[in-house]
Amino acid sequence: MSDAPVALVTGASRGIGRAIARALGDEGFRVGVHYRSGKDAACALAKELPNAFTLHADIKEPAQIDALVAELKKNEGRVDVLVNNAGYNVNALMPAMPLDSYDAVAAIARGAWYLTKLVLRRFMLRQQAGRIINISSVVGHTGNPGQVPYTMSKAGLDAMTRSLAQELAGRNILVNSVAPGFIDTDMTAELPEAMQQQILARVPLGRMGKPEEVADAVRWLATSADYVNGSVLHVNGGIFGG
Ligand code: NAP
């Protein structure tokens with residue numbers, strides 16, 4: 001086993017998660033590059049990083065999370081930083097949205113809750129140390145038409161951050177959120193062009209953010225920021241300040 005602190009980043013096969021994995025790799029972490037369908041991309045990233053390994057799980061499936069945590073326990077024995085980054089969205093106005101779309105989006109937030117619970121029980125509470133960083137979204141604060149389940153689940157993730165930070169006060173485990181705005185990844189590329197233009201028009205800095213700009217905020221919360229707890233750090237070019 002390596003002596004380096006271990007950072008687990010969910011949804012690290014692409015987009016913001018990949019940039020977070022790179023940033024934490026630069027900081028000397030041994031990085032757990034988690035993926036669901038993007039095995040080749042995750043393996044390529046793990047090879048590129050100085051000290052990394054891959055892990056698979058569909059975050060919607062508790063049994064797969066159990067297996068992932070068991071593998072971490074056996075192979076690594078510690079988790080110092082958990083970044084709940086994996087995300088999924090379905091765009092549809094509420095009257096047209098099928099129930100299973102709601103379930104698919106909500107199950108990601110449930111998975112973040114379940115993974116965090118296991119990481120706390122198996123690692124961080126025993127270590128008496130850790131950092132948990134939840135990747136939420138500006139739209140959990142502002143709302144967004146066509147994204148009711150997504151905005152509900154992202155607001156819920158920030159509520160988890162606040163409640164858990166209070167539960168863990170005194171255990172040397174800090175819990176914070178990073179709430180990105182409109183970031184240039186596959187997720188935003190899938191939005192209808194008209195919606196992209198509407199959102200862009202609301203960004204005071206006049207451009208989309210880069211995944212690396214979100215990763216910088218995570219890097220700070222993971223390695224510094226010793227007196228920041230239960231906070232939501234907005235990275236959105238000025239759309240919303242909290
Ligand atoms: P993305 O490019 O769509 O990537 C999503 C990531 O989540 C992928 O690595 C994917 O894994 C993983 N994932 C999706 N469903 C999963 C599941 N059921 N189980 C496990 N992993 C799953 O997204 P992104 O733009 O980088 O977003 C990253 C995070 O930031 C998300 O939580 C998103 O909601 C949030 N966010 C993004 C923006 C934005 O503008 N892009 C804004 C605000 C918040 P595989 O590819 O391996 O399947």
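Asn172 is placed in the loop between helix H6 and strand E6 (173-180), where helices (H or I, at least four residues) and strands (E, at least two) are DSSP runs numbered from the N terminus. Its phi is near 65°, a positive value in a residue other than glycine. At 53% relative accessibility, Asn172 counts as exposed; buried means under 20% relative accessible area, exposed over 50%, and partly exposed in between, with a 1.4 Å probe and protein chains only. The model is predicted, so that local features need pLDDT of at least 70 and side-chain atom pairs count only at pLDDT 80 or more, while totals for chains, interfaces and linings use all residues. Residues are numbered from 1 along each chain as its sequence is written, and side-chain values use heavy atoms, with hydrogens and water left out.

A second residue with positive phi is Gln128, a residue other than glycine whose phi is near 55°. Gln128 lies in the loop between H4 and E5 and is partly exposed, with a relative accessible area of 38%.

Helix H6 also contains Ala155, which is partly exposed at a relative accessible area of 31%. Ala155 and Val178 are 23 residues apart in sequence, and their C-alpha atoms are 12 Å apart in space. Val148 is found in helix H6 too, and at 31% relative accessibility Val148 counts as partly exposed. Val148 contributes to a nonpolar surface patch of about 500 Å², made together with Met94, Leu99, Tyr102 and Met152. Patches are made of residues with over 30% relative accessible area and no salt bridge, like charges being joined within 9 Å and nonpolar side chains (Val, Leu, Ile, Met, Phe, Trp, Tyr) within 5 Å. The elements that give two or more residues to the nonpolar patch are helix H4 (99-127) and helix H6 (148-167).

The ligand comes next. There are 32 residues around the ligand, of which Arg14, Ser37, Asn85, Tyr150 and Thr185 come nearest; a residue is counted as near if one of its heavy atoms lies within 4 Å. Several polar contacts (pairs of N or O atoms within 3.5 Å; within protein, one must be able to donate a hydrogen and the other to accept it, and residues adjacent in sequence count only if both atoms are side-chain atoms) can be traced. An N or O atom in the side chain of Ser37 is 2.6 Å from an oxygen atom of the ligand, and the side chain of Lys154 places an N or O atom 2.8 Å from a ligand oxygen atom. From Gly181, a backbone N or O atom lies 3.2 Å from an oxygen atom of the ligand. Taken alone the ligand exposes 890 Å², and the protein buries 97% of that; accessible areas come from the Shrake-Rupley method with a 1.4 Å probe, and for residues only the protein chains shown count as cover.

Side chains of opposite charge can pair when their charged atoms come close. The structure holds nine salt bridges, each a side-chain nitrogen of Lys or Arg within 4 Å of a carboxyl oxygen of Asp or Glu. One of them joins the side chains of Asp186 and Arg14 (3.0 Å, N to O). Asp186 lies in helix H7 (residues 186-189) and Arg14 in the loop between strand E1 (6-9) and helix H1 (15-26), so the pair ties together parts that are 172 residues apart in sequence. Both partners are partly exposed, Asp186 with a relative accessible area of 41% and Arg14 with 40%.

In another salt bridge, Asp80 meets Arg78, with the closest N and O atoms 2.9 Å apart. Asp80 counts as buried at 15% relative accessibility, whereas Arg78 is partly exposed at 27%.

The side chains of Arg131 and Asp226 also form a salt bridge (2.9 Å, N to O). Because Arg131 lies in strand E5 (residues 130-135) and Asp226 in the loop between helix H9 (211-223) and strand E7 (232-235), this pair ties together parts that are 95 residues apart in sequence. Arg131 is buried, with a relative accessible area of 15%, but Asp226 is exposed at 60%. Elsewhere, salt bridges that share partners join Glu27, Asp216 and Arg219 into one network.

Helix H2 (residues 39-48) has Ala42, Leu45 and Ala46 as its buried residues. They cover an arc of only 100° around the axis, which puts them on the same side of H2; the arc is that of the directions from the helix axis to the C-beta atoms. An α-helix has 3.6 residues a turn, so residues three or four places apart point the same way. The face of H2 turned away from its buried side carries the exposed residues Asp40 and Lys47.
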